[in-house]
Amino acid sequence: MEEQTWDDGVQGAGLMLGLVPLVSVFVALRYQVWGALAAALALTPWPFLLRSGGQIRNGRFRSFTGWRIGSRWVRWGRWHRIEPGDRFASVHHKQSLMNRRGAPRASAVEYWDVVCVRGGRERVWHAFASRQAAESAVVSLTALA
């Protein structure tokens, strides 16, 4: 089977990482290090453009984070080997974004975990933002197991 990729898109995966170049801008301004300022300004948008997703290649699945630059990917993540007898499922979650005092019930984040059951143990391999992507990944993973 050839490689398959499910791209969740920009999900805010790098929001915390985005603080590094933003703080660097202010430090470079304070000490008037213009080269560092230019580098920090050039790096500022990159953490906010991080994408997440899942990938199948050579009988393995990877939950990744990275950047898509044109048609090429720069990504990293943990690989999981697909073994005979593995069972896969998509588990739906919906979490409230607000506290319980007066929060509207419609304010929530939905995601779908792709879960691998191996030897009676459940492990989450990736949390997808899209139901269709999660179900497609489960079908492809089940076909390989």
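Which residue forms a salt bridge with Asp86? The legends below begin with that pair. The model is predicted, so local features need pLDDT of at least 70 and side-chain atom pairs count only at pLDDT 80 or more, whereas totals for chains, interfaces and linings use all residues. Residues are numbered from 1 along each chain as its sequence is written, and side-chain values use heavy atoms, with hydrogens and water left out.

**View 1. Asp86 and Arg118.** Asp86 forms a salt bridge (a side-chain nitrogen of Lys or Arg within 4 Å of a carboxyl oxygen of Asp or Glu) with Arg118, and the closest N and O atoms are 2.7 Å apart. The pair links distant parts of the chain, 32 residues apart, with Asp86 in the loop between strand 4 and strand 5 (87-96) and Arg118 in strand 6 (residues 108-118); strands (E, at least two residues) and helices (H or I, at least four) are DSSP runs numbered from the N terminus. Asp86 is buried at 7% relative accessibility, while Arg118 is partly exposed at 29%; buried means under 20% relative accessible area, exposed over 50% and partly exposed in between (1.4 Å probe, protein chains only).

**View 2. Arg75 and Glu3.** The side chains of Arg75 and Glu3 meet in a salt bridge of 3.0 Å, N to O. Arg75 belongs to strand 4 (residues 72-81) and Glu3 to the segment before strand 1 (4-10), 72 residues apart.

**View 3. Arg131 and Glu135.** Within helix 3 (residues 131-144), Arg131 and Glu135 lie four residues apart, about one turn of the helix, and form a salt bridge whose closest N and O atoms are 3.2 Å apart.
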